[in-house]
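Trainee: I would like to learn how to read a structure like this one. Please take me through it feature by feature.

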Amino acid sequence: MDSTLSHECQLLQGDSQKCKNRSPMIRSSPVMKHNSSRSRCIPSSPQVLTAHSRLLIIAGLTVIILVQLWGGGQWIQQNEVLLDRDAGGNLQTSLQYRWFLQHDIPSLAFYKSLTYSDAPTLSLIVQPFYHVLGVRLDSSLFASLALFACSIVLVFVLAVQIASWKVGLFAALLTSLLPIMVGLSRTVYPELPLTVALLLYLITLYRSQGFQAREWAYWAGAILGFGLLTDWIFIVLVTAPTIWVVRSSPRQKGELHSGAVFHSTILVFIKSPLMGALIGWLIYWPNRTFAMSQGGGDWILGGWSLLGAFFVFAASLPRSARNNFLTTVSLGVFVASLHYLPNIHTGLVAATDLWRTMVQGAVWERFQPLSFIPEAMWGLLAFWLIVPAALAPWIVLKLQRRSLLRQAAPLWLAVVSGFFVLPLVTMVDERILAPLAPLATILFAIGLAWYPFWGRRLLGASWLVVLALQWSLFTFNLPSPFDFSSQWLVQSAYITPANRGVADSRFNMIPRVLQAIAEHGVGGVQSLGVLVDTRQLYADAFRNEAVFRGMDLVVHDATEKDEEAWLKSMASQWLVITERDNDTAPETARRISVELLQNHPPFASLYDFVERYSLPDGNKIYLFHRPLGPGHPLIDQERVEATRQPAAFLKNNLRAQDTLIYTSSDLAVWVGMHEVDHRRTMILDRAEASLADILDDATGVWCVVSDVGATDLIDTISRATNAYHAFAADSPFAGIDVYGFSAESLKEIGTQPAWADLTLATVMTKQEIAAGDVLPLDVQWIGSLNSDRKASFRLLAESGEAIASNDRILMDRDRFGLFVPTSTTPGQYLLAALVYDAETFEPIPDSSGNLFSSIAVIDVH
């Protein structure tokens, strides 16, 4: 850098003469060299460039960008694992945008792209790359790389607005090597388009000359809206610089007092509502049906019309700094409202959660994560080499109550306000602060220019060497004198060498899983439940790869919510689980993985092992397949709800020693998906032994879940010599029959109640039973056994409440049971019989005139 970076201004002794600033927006302050009576003052307006300078600029920017495109392209081609797992789901969102942009009519696609629940900018930017390069992960990464190249050029343009082209070229070079920026160019996150928007907005602020130029005010408004459509935190980054520029702009008075202006203003008041209504109608009305189906309403049309009218009104006012500022704000708010107004309900919920988060804990705790900045954004070596030296000139001159370059105030305000406000309103990591990094490189380049000739060259060269070394290490797989994990180098989730460490291609076993599904699947749309949640393997990664391959696969994220893990897993035809390193997954997902690996029902009764995949960290991934049962049960919500009640009965009454039998895999899925977790589970169409084989040795309690077509099977169980049918619950989709099996000899107990022409001659049972068991009954009737009467046997509490009952057709010899629920309180209960009319259900008193005829007292423990 030569004298154009810091030209000398002669100062008289004791004088405070200012350096001339040719920018009409602000005036610069003197900058003095610390050991000289002369001042180094950086030009704050664009210089006249010679042909040689232009050639150097073009060549320099071209080399910088080409090197970054080449290095980034090499990294993308070598790497197969998406860094930091796309926590915001941006890749998945971009694929959803692609679908409706291809399949919907243009007006509806335009409306959906603006009103989708996620901010649209990044997803729309990726679409041309999908179209040209194909729908694959690399295409989205090349979009990020292109945004990075744009930010490098914009850093140069912004630096030229403030200082000189050499400062701009050096700042662009620093930005191109900055670890956090390079890292984000290899991921799919909105911070890069946010950085581009921030740089563009600051450039338009300078070009607007303090909002004196109406044309640049329009651009500023459009970019403001573009930034807000990228992420709402854009408003945090631009508020302070905008206020500073507004306050620094010269005041204009008296322009609204003329009669012509007053007459023009009246016309504006008439025109604005009409134009606003037209704008709102053109956007909303063609898509009104869709908007209403999404929970919106015509109030959206009113909101857009009102904001559109405000913009038309501001744009129609006479040109002045104040009116131009209103134009910028109104245009930015209107553009942003195209997304935020239809999503206002979601926004209010998010704002409530944000406020709740802000007020929890001490304020200082919100800033603790900022301690990662040295190692995560720069690397410790680069940070301590660059930042103190770059800030020293600013600090020294500030202590002397002077400014190195007052023109840079908007940059400082953006950096400082973002640094202190963002931790209060969002969860901060190096990615969130990344848009501030290019501004910092400009300020650091300006600080470097303050040093003497050889000092700034030595410092600048050392900065570039360290940053270039880091860049080469995490771009190429080069041998290095020290490991990349050295504490002095950058340590961030967004930065890693290609195909090494966490980005090792052997972690990417997703294509092999999808290939196995394609080979073993029986056709049609398959469903995959993902119970893996690691840095490289997660539900969206499987979902995205399926879309890239054009594969019809429904992916259920069983790790998203603990209460849905069982439901989504059981509903999936395929399951991917991990042996270990699954700590971020919910407890239920880990429990299911353990059951499958240890071959425990019910999952092991439904799913077959398909393949195992070894990962470079020693972990193993397993693929399981359910060959029978419904493919997509979650689609049929009617049946899902209808099977909740049978599932609740089973969960409340099954004990560890009881046996659960499903007559089909379909029922095992429909009922089991409601978290019916029982070890002793048998699925008849998956069992190796037949029902007849196990009936002979059956003991305890059986709960049999069957559908309407299983009557023969129920009859088979009922005819077993030791089976006592105790309970039946009908359901449109799943019935439950409870059986008790007893090999013990029953004893005749109790009295012999009689009715007019009917006597209960014998009752064989037990007098003691455990809660959850079946009380076996073997009874004999004497008398008129016509079909117009039935008998109801009940176990009654002292209050008269029936805790168990079984209604039977009268026959001379009958064997059945009473199921005592597990929730029954221990104590003595009365076994009684009731005879009633089968048609009218009218009770028939016994010979003593009692409705309930006492038989015996049963002890429940």
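Mentor: Start with two definitions: helices (H or I, at least four residues) and strands (E, at least two) are DSSP runs, numbered from the N terminus. Two strands pair if DSSP finds at least two bridges between them. This is a predicted model, in which local features need pLDDT of at least 70, side-chain atom pairs count only at pLDDT 80 or more, and totals for chains, interfaces and linings use all residues. Residues are numbered from 1 along each chain as its sequence is written, and side-chain values use heavy atoms, leaving out hydrogens and water.

Trainee: How many helices and strands does the protein chain have?

Mentor: The protein chain has 31 helices and 23 strands.

Trainee: In what order do the 5 strands of the open sheet lie?

Mentor: The order is β4-β3-β5-β7-β6, and the pairing is mixed. At the edges are β4 (553–557) and β6 (608–614), each of which pairs on one side only. From one strand to the next the twist averages 20°. Angles run from 0 to 180 degrees between N-to-C directions, and axes are lines fitted to C-alpha atoms, for helices over the stretch in contact.

Trainee: Do β3 and β4 pair in the parallel or antiparallel sense?

Mentor: Strand β3 (residues 526–530) pairs with β4 in the parallel sense, over 5 bridges. Within this pair, S527 stands opposite V554 in β4.

Trainee: Which helix lies across β3, β4, β5, β6 and β7?

Mentor: That is α22 (residues 510–520), which runs at about 155° to β6.

Trainee: Which strand is joined to β18 by 7 bridges?

Mentor: Strand β18 (residues 789–796) is joined to β19 (residues 802–809), and the two run antiparallel. One of the bridges has L796 with its partner A802 in β19. The hairpin has 5 residues between the strands, and G800 takes a positive phi near 95° there.

Trainee: How do I read a pair of aromatic rings?

Mentor: A pair of aromatic rings is described by the distance of the centres and the angle of the planes. Rings of Phe, Tyr and Trp (its six-membered ring) pair if their centres lie within 6.5 Å; planes under 30 degrees apart count as stacked, over 60 as edge-to-face and the rest as tilted. A search of the whole structure finds 23 aromatic pairs. In one of them, the ring centres of W566 and F603 are 4.9 Å apart and the planes are at 70°, so the pair is edge-to-face. Elsewhere, ring pairs link W755, W781, F793 and F816 into a cluster.

Trainee: What lies over the face of W670?

Mentor: A charge sits over a ring if NZ of Lys or CZ of Arg is within 6 Å of the ring centre and within 35 degrees of the ring normal. R639 lies over the face of W670, at 5.1 Å from the ring centre. R815 lies over the face of Y724, at 5.6 Å from the ring centre.

Trainee: Are W566 and F603 buried or exposed?

Mentor: Buried means under 20% relative accessible area, exposed over 50%, and partly exposed in between (1.4 Å probe, protein chains only). W566 and F603 are both buried. In the protein chain, buried residues make up 54% of the 861 residues.

Trainee: What is E595 in contact with?

Mentor: Contact means heavy atoms within 4.5 Å. Leaving aside neighbours within four places in sequence, the contacts of E595 include W566, F603, D677 and R679. E595 is found in helix α25 (residues 587–597) and is buried, with a relative accessible area of 2%. For the protein chain, 72% of the contacts between residues at least 6 apart in sequence join residues at least 24 apart.

Trainee: How many residues does α21 have, and what covers its buried residues?

Mentor: Helix α21 (residues 453–473) has 21 residues and reaches 31 Å from its first C-alpha to its last, close to the 30 Å expected. Its buried residues include R456, G460, W463 and W471. The cover over the buried residues of α21 includes α1 (51–78), α6 (165–177) and α20 (437–449).

Trainee: Where is L433 found?

Mentor: L433 is in the loop between α19 (409–425) and α20. At 3% relative accessibility, L433 counts as buried. The C-alpha atoms of L433 and L422 are separated by 8.1 Å, and the two residues are 11 apart along the chain.

Terms used: The expected span of a helix is 1.5 Å times one less than its number of residues.
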